[in-house]
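Here is a structure to read through in questions and answers.

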Amino acid sequence: MVENAKKVKRTYSRYEKKEHKQGYLFLTPAIVILSVFIGLAVLFVIYLSFHKVNLFTGQYEFVGLKNYARVFQDDIARIGLKNTLMFSAVVVPIQTIMALIIAAILNSKIKGTYFFRTVFFLPTLTSSSALTMIFMFMFSVSGPINSLLLKAQIINQGINFLQDPSFALKVIMVMNIWSTIPMYTTMYLASLQDLPASMYEAADIDGAGPIKRFWYITIPYLKPLTTYVLLTSIIGTLQMFDQAYIFSGGSGGPSNSTLTVSLMVYKYAFGTQNAMGYAATLALILAVIIMVISRLAEKANGEERIY
Amino acid sequence: MNKKKISIGKIVLYIILIVAAVCTIYPFLWMVSASFKPLKEIVGGGMKLISDSMSLDNYKYIFGRSSLFPKWFLNSFLVAVIGTVVNVFINTMAGYSLSRLSFPGRDKIYHLLLALMMVPSQVLLIPNYLILQNLGMLDSYASLILPAAANIGNIFLMRQFFMNFPKEVEEAASIDGLGRYARFFRICMPLARPTIATQAIFVFMGFWNEFTKPMLYIKTASKYTLTLGLQSFQSQNAGTMWHQVMAAACISVLPIVIIYLIFNKYFLVGVRMDGEK
Amino acid sequence: MRKHFKKLTTLSMAAVLTLGSMAVTVQAEEADFAGRTLNVGIWGGNDQETAALEKMKAEFEEKTGAEIVFKTYTDYNTQIQADFIAKTAPDVFYIDANVFPFYSSLGVMEPLDPEEMEADQYYENLLSAFTAEDGTLYCIPKDVSTLATYYNKDILDEVGVSPDDIPTALEDYKDFLTDLQAKLDEKYGEGQVAAMTYNPELSRQIYILEEGGASIIDEDGMATLSSDGVVKNLEFYIDLVQTGAVKTPADLGLGWNGEAFGVGKAAIMEEGNWVYGTLKTDYSDVNFGVKEMPTYNGNQHSMSFTVGYGISSVTEEKELAKEWIKYATGEEGMQIWSSGAGCLPSRAAVADTMDILSDPVWAVHSKMIDVATPWQRGTTLSIVDSAYKNFVPAAYKGETGAKEAMEQADKQANSEIENSI
């Protein structure tokens, strides 16, 4: 019915023109809000990134690409980026796959789905400070995780998960995965409500088992939503800030193991050094990296069908 | 033979589900239980959920702390409800437009919107503050609602939803003589209920739990939202008062639980749409 | 916008001039302030602090006829920066000494006249923490807190150690704590109770690190954590920590010393007087005693933490703001504040009137004021502190040498400092 606009110059029919008008009209409220409140701010940030700024006194000194050049010589930024990418590379796939599987299970005809759905939604409601405290307690030297490992004789001395550079980021990964799966599960579940029953019925007739059905019907059907989950999860993990901030008290330690790019951005933007220009530059470079990775993920997830 | 295999599979499934459920529900229960305990018990008590020293003291303390409490609750509720309603319409319309209508520049706009999501928010705080100041909106409810009246993530979610939406449904309505707007509001939106409900609950939670915006924009104590008001009790001096924090968290989470239970009907029942007329 | 602002400045300038010329009469004419409003930026405190502030507000309002409106900051640093940038800051606000150098360097605060503010009434080291490099005074300290040594009498008693056995010199801590830890392990089980807790942060250790003329920051604000003197001092403390008798609260799965001490997981801690109130209300069954901080290298040390009031440079209520500071940090107001909120007065005279020495805990904390190093060291301190926190754990655990860890910290801190110049 509707074709993708071809790149060739062409005249549009009356019907098409009407649709163009409708398209813009439906978008207008969102565009107005987003350009005023986010678009302008982003433009300002871009402007800042070419300046050395003191926002307090209103002094702007144009420095060209100096801030950008600095990022590429900044060893700490490299460490921050490495941690951030590692975090994302571990969390995104686990999050997505687990959410997909749990949603598929909860959507099957087993008893008690109502109960399980409600239970699995609860983490999204638990306050983040409560979560952090519970996790810090669980992973502390005298905490339950350590005593479990000790009892099972996997280790013979308590591990200081929170202070050990080789573990700190992993603890944050676990926490992040744990607390975001429910959100994506809920979204998958909502989408599965719309899956035409006839598709499953047809598969049943063909004698496909549950795993085959999951693989050949559920996953392809959920593809557009998976694009959404992947992209938001990539954006969310690459912008990770809160948990790193709470865990390290803002330092990114121990030994830079929890330093993320967003944490650096915050430190420069709100530190006591007037480095807003550099913070803006770091933020923009992170945005570009996120953009590239998102694009790759979108491609990898396959082409979408657009009516 | 086949039947037996399935039932073993089911048992395994249930075991997985139950283990996952325990892992999931435990911190939530711990939070609720901690809200009834004295500080010492929380700090030193480890993972226990029930203890002898539980009481309503923390709640009494919080409710007694400020006479503005009901006002804050009302503020949060108004902001969240208005914000959610506005969001649902704006985001759904935009998502619909970006997936089912064809017009020049559509995909460019879509990618530009996505790009806006990618700039980390820490660096936008001050620019946003200055924008609101110039619009004269500081210290008003509008400063909490308007900047969040559209949400790129949810526009994106709705776009992805409408991609799966069977076009035959709309075509049928079109044959019946319904125009674009009527089709959108009378056919598409109602049929999108499960996804809209998902969107609504997350938007509502976003408004309800929002802390940074009210913290920066609201100056007058009587205009505080619940999260900000509860946070303003926190002493900055001697460590975290976990007993009060947990009670405050429970108070602010309760309305969301209620709303979730109401909306749950939509998550669960949904509207099975089959392609045929 | 800018025009409007200019007008404001001219107006307030004019106001300053007129008021300045009749400075003598101003104080007498208190009715001048009737009907005016003063916004005071504070951060949240416990019930007692809130009550004390409310009492001060009521008294001040009655005296002057002005209205006080408190603005409570929940994330002070983020909020006040936004406020300064947009010029929406309250007329008068709290400033913590450790961020004072940054905010004073921005020109967002009004200079204060030491004579008019009776500067000579305050402890000198507190006042110097609020004096900019050029000698200008910008804030008046409203109170002060110091570190002292807290010990759990019952726990020590259980293992047959007397509080008097706690050495007065840090040099003797190693043997004492090792012995104590062995006894605690035997009594409560391996690793259940730590002999002492510590914080690997500059705000608690700066005086140790700088003992003997060492310095963590040079005159240009660059980090010098890896300088020989600092490393030597750090090695001394690492040696103490590696006995296993000294742990961080996080090692014990807890948030801060007060929690570890309060739930009986630490026998000794060094804490500020803010813990006194918590111990009384939330951990009331802990039977504790307080003594002076240990000497190191023969010198008595402690840390002091002070908060002052500063006036916004764009306020239209400059005189009223000064009046509030004079009241709140004057004898009358400070007495209400200190006795209510549970902190030490920053004026010696008020400490005398309050008879602080009659309470053994306050007496110790009060005694520490003069020997304490104020937590303030120029604009780069937060960066250096953050780098220290970042790299010192590896040194404490023995994974890297002290020198190496501090070199890494220096490198990081100095690159951050350079990035922002």
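**Reading the model**

Reader: For residues 1–30 of chain C, pLDDT stays under what value?
Author: pLDDT is the predictor's confidence in each residue, from 0 to 100. Two residues are in contact if their C-beta atoms, placed from the backbone, lie within 7 Å. Over residues 1–30 of chain C, the model has ten contacts beyond four places in sequence. The pLDDT there stays under 50.

Reader: What should I know about numbering and cut-offs?
Author: Residues are numbered from 1 along each chain as its sequence is written, while chains are lettered from A and ligands numbered from 1 in the order in which they are written. This is a predicted model, where local features need pLDDT of at least 70, side-chain atom pairs count only at pLDDT 80 or more, and totals for chains, interfaces and linings use all residues.

Reader: Which element of chain C has the highest mean pLDDT?
Author: Helices (H or I, at least four residues) and strands (E, at least two) are DSSP runs, numbered from the N terminus. Chain C has a mean pLDDT of 90, with 92% of its residues at 70 or more. Helix α1 (residues 2–21) of chain C has the lowest mean among its elements, 42. The highest, 97, belongs to helix α10 (residues 228–241) of chain C.

Reader: What ipTM does the model score?
Author: Two scores are given for the model. Its pTM is 0.87. Its ipTM is 0.85.

Reader: What radius of gyration does chain C have?
Author: Chain C has 18 helices and twelve strands. The radius is taken over C-alpha atoms, and the globule rule is 2.2 Å times the number of residues to the power 0.38. With 421 residues, a compact globule would have a radius near 22 Å. Chain C agrees with that, at 23 Å.

Reader: Why is chain B called more spread out than a compact globule?
Author: Chain B has 14 helices and zero strands. For its 277 residues, the globule rule gives 19 Å. Chain B is well over that, so it is more spread out, with a radius of gyration of 23 Å.

Reader: What share of chain B is buried?
Author: A residue is buried if 20 or more other C-beta atoms lie within 10 Å of its own, exposed if 12 or fewer, and partly exposed in between; C-beta atoms are placed from the backbone. In chain C, buried residues make up 51% of the 421 residues. Of the 277 residues of chain B, the share is 49%.

Reader: Which element of chain B gives the largest share of its side touching chain A?
Author: The contact takes 75 residues from chain B and 81 residues from chain A. Several helices of chain B each supply at least two residues to that side, including α1 (2–34) and α4 (69–100). The largest share is eleven residues, and it comes from α14(B).

Reader: What distance separates the centres of the two domains of chain A?
Author: Domain bounds come from an automatic or database domain assignment. For chain A it gives domain 1 (1–49) and domain 2 (66–131 + 171–300). Four residues of domain 1 are in contact with seven residues of domain 2. Taken over C-alpha atoms, their centres are separated by 28 Å.
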